[in-house]
Amino acid sequence: MKFSKLQAAGNDFILINGIEYRELNLEMLAKKMCDRHFGVGADGLMTCEESEIADIKMNYYNSDGSRGEMCGNGIRCFSKFIYDNKIITKERFSVETDAGIKEIFITFENKKLKYVSVNMGKVDFRSEAIPCTIPKESILEEKIVIEGQEIKISSVLMGVPHTVIVVDDYKNYDVDRLGKAIEWSTDIFPKKTNVNFIKVVDENTIEIKTWERGAARTLGCGTGSCASAVIACKLGKIKSKKIKMLAEGGVIFIELDEDYNILMRGEAETICNGEFLK
């Protein structure tokens, strides 16, 4: 079975043409292929298939085999994959995801695909939508105690649940330990949550470190960058509506309007093409 491996901001994914290869057990395949010791190695697996409501459909699975509703860095890699493989030949097209339809815009530099922009829509601030059991209409700078440490969290639904912690110094926060503990705090987040630790660098730049639900520590997260940018603006931590997100694996650009509609832009790169024999 042929596959491609791509990365965006350090988030790496395996892409398979699901129109060519049908009836795959994607949960099992994701676990096998994403294993970094006995498989190809990746944060997630994606396939494409025909859609009745958009130009193409994206199926996304985390490395642990769980299905994800949406992946921001993933959809940029997905868009590059289907364009490069001539599954879609338009420079503007729509992608059906489990979190709704996303509009894609491709831009070029020296006749090569340079950036993929995605209209991500709006975040949902309602605690019931995340879902979160804290009895508040929205979750903004709520104090919780995790691993014996008091932390202020803000949470939203950005297609998938995201929790954001604003830090002054990463030295005071064990991203892996706290991220895992918050993800698995199912008494607070019944469907678990992604966890983003952000540090404001200047008026239009934010550093971000992510613990990803279903994939553990990752070098980048597109939906997490969107959620974090919105929360930083909502809390008054940053005033610019054009924000550069510095993930550990690369840069993602976020633009917001006054109603917090989100446009995400970033690169996507093909690492290799291969054939999976197992």
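1. Two strands count as paired if DSSP finds at least two bridges between them. By that rule β10 and strand β11 (residues 160-166) are a pair, running in the antiparallel sense with five bridges. The model is a predicted one.

2. Within the pairing of these strands, Ser155 has Thr163 in β11 as its bridge partner. One residue lies between β10 and β11, which form a hairpin. In the turn, Gly159 has a positive phi of about 80 degrees.

3. Glu142 is placed opposite Ile153 in β10. The hairpin of β9 and β10 has two residues between the strands, and Glu147 there takes a positive phi near 55 degrees.

4. The largest nonpolar core holds 52 residues. Phe78, Ile254 and Ile262 have the most contacts inside this core. Helix α4 (residues 222-234) supplies the largest share of the core, seven residues. In soluble globular proteins, nonpolar side chains tend to be buried together.

5. For Phe78, leaving aside neighbours within four places in sequence, the residues in contact are Leu15, Met46, Thr47, Cys48, Ile56, Lys57, Met58 and Val95. A second, separate core has 21 residues, among them Ile139, Ile151, Tyr173 and Leu178.

6. Ser79 belongs to helix α2 (residues 72-84). Is Ser79 buried or exposed? Ser79 is buried, because its relative accessible area is 0% and the cut-off for buried is under 20%. Leaving aside neighbours within four places in sequence, Ser79 is in contact with Phe93, Ile104 and Val116. Ser79 and Ser94 are 15 residues apart in sequence, and their C-alpha atoms are 9.6 Å apart in space.

7. The largest pocket contains about 160 Å³ of space. Its lining consists of 13 residues, and Lys2, Phe3, Ser4, Phe81 and Asn85 are the ones that lie nearest the centre of the pocket. Two or more lining residues come from each of β1 (2-8), β2 (11-16) and β18 (269-275). The largest share of the lining, three residues, is from β1.

Conventions. Residues numbered from 1 in each chain as written. Predicted model: local features only at pLDDT ≥ 70, side-chain atom pairs only at ≥ 80, totals over all residues. Heavy atoms only, no water. Helix = DSSP H or I, 4+ residues; strand = E, 2+ residues; numbered from the N terminus. 1 Å grid on protein atoms, 1.4 Å probe; cavity = no way out; pocket = protein on both sides within 12 Å on 5 of 7 lines; lining within 4 Å. Points joined across faces, edges and corners; volume = space filled by probe spheres on them. Core = buried A, V, L, I, M, F, W, Y, C linked by side-chain atoms within 4.5 Å. Buried < 20%, exposed > 50% of the residue type's maximum accessible area, 1.4 Å probe, protein only. Contact = heavy atoms within 4.5 Å.
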